[in-house]
Amino acid sequence: MTAKPVVLLAEELSPATVEALGPDFEIRQTDGADRAQLLSAITDVDAILVRSATQVDAEAIAAAKKLRVIARAGVGLDNVDIKAATQAGVMVVNAPTSNIVSAAELTVGHILSLARHIPAASSALKAGEWKRSKYTGTELYEKKIGIIGLGRIGALIAARLQAFETQILAYDPYVTSARAAQLGVQLVTLDELLEQSDFITIHMPKTPETVGMIGPEAFKKMKNSAYVVNVARGGLIDESALYDALQTGEIAGAGIDVFVKEPSTDLPFFGLDNVVVTPHLGASTDEAQEKAGVSVAKSVRLALAGELVPDAVNVAGGVIDKDVRPGIPLIEKLGRVFTALTHASVTQIDVEVAGEIAVKDVKALELAALKGVFTDVVSEQVSYVNAPVLAEQRGINVRLITTEEATDYRNVLTLRGALSDGSQISVSGTLTGPKQIEKLVGVNGYDVEIPISDHLIVLIYQDRPGVVGTVGGILAENGINIAGMQVSRAADANSTSSISSTGSAAGRQVLCLLTVDSAVPQAVLDTVRASIEASTAREVDLEG
């Protein structure tokens, strides 16, 4: 008899989770929070299921010689070393949609609590105080609700709040007007949303660009009667600025479920009467926990059967040709570069695979490209299967194009996109040499060849003497080291120049790519843009 694959339950999971695994596995249990027990129990298992208490780090992964799948019954993956798992060829899965209804309902709960002062009134009455006049509230009827980030949770909130006969405003640069119309939502600029909304809720991913996006300047633009809610990610709202805005009456109140540091029990704004706080309860419902366990159990079954796994975080799963697999991380990075270069909502994306691998099944490359495109766009976890759904939800048409013809390189992967303002963008990459070095070889029609690094700066400006020196000087003053640089002129698509090139081509528009050793603060990037009068100055941060 063939031994059954072993699945280790490192934390308490529901009977429904075990039932979803089925009879085809040997089920073992251990206390994942006990380090010694975990390292002993994990040595010969094929899969491990955890919640948040078990640390599946590089040490644990190294000890698990047969491990093929790490499943986190929840959304967050802070307790899983994804990089170590990927290097070991271990799939990581989670349950990215398990809590979306719970998070949406908690958001609505915060909004209602703020509108009617429910927590404060309850506390006062329990303390023996009958103060009806003090807790006069406001109706949601005909109010304007501003939703920042119209992903799946944002869309659920919009649907629920429309029942109150509210007007829903939304800011999301990656959602088309057609998709917004389907949701019954009016797309506006961020400034318009801040200025017009009576209640504002934020549902954005946590990236260098979104951290602190609701800060002092944003609060100044809000109505004095406005309320803000954050049930998404700690740090999207500047906590210090929030305290000041609440204390001075710049806004009316706030509902906060997530914090920069957790657990947090003594932040300054906790003592204010116009604040409702909860200890990160977005996923804390019986239903969400049940959904999470069942979801990852199904993913484990698929993974151990060698099938495509919808919620795989680091690999697509299923049978992928050995010549195609190295292109997956490359095209995912190209997708993130693509997103960083967009300046309007995307209406069309073409994923083009050119070269020898085009004759193989390259569907996984399309999935990986879309995963990269949406990784820095939405607040929920993006997987290789939900990425096409995210594109469909936003009204984006996607095509996979293959051709065996490739110039200059054996294989070239390209993302081309049409934007709502009529413009187009494109990025191309390839793998070179025995070590399969990932290189960026094309951006918006400019030919380049530069290794892809964690931090990439993209500049477009009019070529003239002294620009390179100016850029280098600004970065040096701010302690940012340049690892590599390349300049390409638009007028000669087949010619790239080194950092010393100027010649007679001054005045042409050029693309300058710089790889740097650390993240570039937005203020530094703004200084570079102004100093060289660049039409484009973007950083692509691939470190996260």
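# A tour by selection

Start by selecting D323 and K322, whose side chains meet in a salt bridge with N and O 3.4 Å apart. A salt bridge here is a side-chain nitrogen of Lys or Arg within 4 Å of a carboxyl oxygen of Asp or Glu. The model is predicted, so local features need pLDDT of at least 70 and side-chain atom pairs count only at pLDDT 80 or more, while totals for chains, interfaces and linings use all residues. Residues are numbered from 1 along each chain as its sequence is written, and side-chain values use heavy atoms, with hydrogens and water left out.

Colour the two residues by accessibility. D323 is partly exposed, at 37% relative accessibility, and K322 is exposed, at 66%. Buried means under 20% relative accessible area, exposed over 50%, and partly exposed in between (1.4 Å probe, protein chains only).

Next, select K371 and E332. Their side chains form a salt bridge, 3.0 Å from N to O. This pair links distant parts of the chain: K371 is in helix α14 (residues 363–375) and E332 in helix α13 (residues 327–341), 39 residues apart. Helices (H or I, at least four residues) and strands (E, at least two) are DSSP runs, numbered from the N terminus. K371 and E332 are both buried.

Stay on α14 and select K363 and E366. The closest N and O atoms of this salt bridge are 2.8 Å apart. Both residues lie in α14, three residues apart, about one turn of the helix. An α-helix has 3.6 residues a turn, so residues three or four places apart point the same way. Buried or exposed: which is E366? E366 is buried, with a relative accessible area of 8%, whereas K363 is partly exposed, with 41%.

Then select E26, R28 and D44, which are linked in a network of salt bridges. The whole structure has 21 salt bridges.

## Aromatic rings

How many aromatic pairs does the structure hold? There are three. Rings of Phe, Tyr and Trp (its six-membered ring) pair if their centres lie within 6.5 Å; planes under 30 degrees apart count as stacked, over 60 as edge-to-face and the rest as tilted.

Select F199 and Y227. Their ring centres are 5.1 Å apart and their planes at 10 degrees, so the pair is stacked. The pair links distant parts of the chain, with F199 in strand β9 (residues 199–202) and Y227 in strand β10 (residues 227–230), 28 residues apart. F199 and Y227 are both buried.

Now select F269 and F270, an edge-to-face pair with 5.4 Å between centres and 75 degrees between planes. F269 is buried, at 1% relative accessible area, and F270 is partly exposed, at 25%.

## Helix α17

Select residues 522–532, which make up helix α17. Which residues of α17 are buried? They are V524, L525, V528 and I532. Looking down the axis of α17, these buried residues fall within an arc of 100 degrees, so they line one face of the helix; the arc is that of the directions from the helix axis to the C-beta atoms. A523 and A530, on the other side of α17, are exposed.

To see what covers the buried residues of α17, show β19 (455–462), α16 (467–477) and β23 (536–541), which are included in the cover.

## A loop residue

Select A73, in the loop between β4 (69–72) and α4 (82–87). A73 counts as buried, at 3% relative accessibility. Leaving aside neighbours within four places in sequence, A73 is in contact (heavy atoms within 4.5 Å) with L13, V50, R51, A292, G293 and V296. Draw a distance from A73 to F338: the two are 265 residues apart in sequence and 31 Å apart in space, C-alpha to C-alpha.

## The whole chain

Finally, zoom out. The chain contains 17 helices and 23 strands. Its radius of gyration is 25 Å, close to the 24 Å that the globule rule gives for 544 residues, so the chain is as compact as a globular protein of that length. The radius is taken over C-alpha atoms, and the rule is 2.2 Å times the number of residues to the power 0.38. The C-alpha trace spans about 80 × 70 × 45 Å along its principal axes. Of the 544 residues, 52% count as buried.
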